[in-house]
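My notebook is open and I have a few things to look up. Come along and check each entry against the picture.

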Amino acid sequence: MNVAELLDQNPDPEGIALVDRSKDPAERLTVTQIQNQVKVFAAALVNRGLAPGSRIGMLASNLSEYYIVMFGAPAAGMVFVPLNTRLPTATLQYIAQDADLQLVITDAGHAGVLSDVPAITTGSEEWAQLMTGAPAENVAKVDPSDVAIQIYTSGSTGRPKGVLLSHENVTFTVLEYGATLPGEVMLVSAPLYHKNASMASKLAFASGGTVVLLPQFSARGYLEAIDQERVTMCSGVPTMYALVTAALNESQRSYDLSSVQRVLIGSAPMTEALFDDVQALFPDAFVTNGYGTTEAVLEFGPHPDGLPRPKIALGCQHPSVELKLIDPESGAEANHGELWVRSKGVMSGYHDLPTVNAERLTDGWYHTGDLMSRDDEGWYFFVGRVDDMFVCAGENIYPDSVEQMLEQHPAVHQAVVVPVADDLKGQLPAAFVRVEPGAEVSVEDLKQYALENGPAYAHPRRIWFVEEIPLASTAKVDRAGLVEQAKELSITQGHAT
């Protein structure tokens, strides 16, 4: 199946499938209308003389035209390359060269950024002419292993890597995921260059749901969309919900959020405190903690015997995938270790990086880099990133575990734990903390709380209170930036105690 044929799965092609709130008034499109525009765009690509496999980029904020390119490039037998709008120009130029982009579609706000690549701006006369042609009669016939999407990692530990996702990778994941239901109204506010938002959209389109698309995330816009569009399902990353709950607590306005029946939180670790906040925000909703990586989205599902899911469990092994936990030190399978996954949804590999592929792929098993634990009932729990773990006086410290503990304190809204260098112990834990509105707590109070509720070696030696937790380009916590900030603060304020 071609990725574009996921639209054919929609059981209600004449129903509203997309509400684009980037436009005023909001644009409302059916699947049939989206399909027609997708086929017009696909035909235009072929008519421009672009060969099968050509890379077609998209550099834009969220808008309906994004889906035209997202599905239209694969419909033409070409490869869709979503570009992170928050990356610096030099990094975008690197990606354009690495992917060998043949064409890039931009919105007006990003026109001219990639001057060395042929570009068309949505809303321009050239775009209007492009979209007035005849539609392709059929989508391109593809081999399941043909690349459909080349999506770049955030590059937090080096240059971005191009993840190659085949038509089979994407269609398998969407059809097996089972995360949406016909008639659901799904709110999408994460950027569409991010896997969370693009996958959520595909799930909704394929199942007969409606996507309510925000141009970008804002807590107020999120709440207004739920209220006005009667959203039934929310999808996003933990930091978004932390901001929404904070905004609602501070708002003088009331919002009707009673329509929300399901909340899917993914793409970053979630704490029990945030889970409780989200459940309080949507008291009638079923809240689930999702998991997925750019390289492989589908890993977990419900318990095979129907047991209730623990609060922050990621799920049990999905019946269509293989999972195992590998002890990083011994290399043996265990109930605590790095998650490896093998399925039809695992990426083909990284673009032009054979050495990295050899490190991260073994006989079809993808090494996620995420440390997990599995309990006796088969539930998986996130422990931390292999790369985030640091050692303090010989003890392994997993930031997520310390954050979970700190956020149990009633005054703490959100906490991020990072290492700071220490001559004696190697690295010490430090924390950036955002307190609940109106709450008061001292550094010494939190240190004492940590000592009483966790191992002494893991208590934060430094605590800094902040108004906001900074986000990286993927709407996740900017952990790398906070590591650098902690380093600077430690130098200017002296040694931690």
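Which side chain does K311 meet in a salt bridge? I looked, remembering that this is a predicted model, and found D276, at 2.7 Å from N to O. The two belong to distant parts of the chain: K311 sits in the loop between β14 and β15, and D276 in helix α9, 35 residues apart. I noted K311 as partly exposed at 35% relative accessibility, and D276 as partly exposed too, at 33%.

Next entry: K23. I found its salt bridge with E65, where the closest N and O atoms are 3.1 Å apart. K23 lies in the loop between β1 and β2 while E65 is in helix α2, so the pair ties together parts 42 residues apart in sequence. Is E65 buried or exposed? I read a relative accessible area of 13%, so E65 is buried, the cut-off being under 20%. K23, at 26%, counts as partly exposed.

I traced seven strands in an open sheet, in the order β2-β1-β10-β9-β11-β12-β13, with mixed pairing. The edges are β2 and β13, each pairing on one side only. From one strand to the next, the twist averages 15°. I also checked β9 and β10, which pair in the parallel sense over four bridges; there L187 stands opposite V212.

Last entry: L223, in helix α7. I found L223 buried, with a relative accessible area of 2%. Beyond its close neighbours in sequence, L223 touches V244, L248, Y255 and L257.

Methods:
Residues numbered from 1 in each chain as written. Predicted model: local features only at pLDDT ≥ 70, side-chain atom pairs only at ≥ 80, totals over all residues. Heavy atoms only, no water. Pairing = 2+ DSSP bridges. Axes fitted to C-alpha atoms, helices over the stretch in contact; angles between N-to-C directions. Buried < 20%, exposed > 50% of the residue type's maximum accessible area, 1.4 Å probe, protein only. Contact = heavy atoms within 4.5 Å. Salt bridge = Lys/Arg side-chain N within 4 Å of Asp/Glu carboxyl O. Lists of a residue's contacts leave out its neighbours within four places in sequence.
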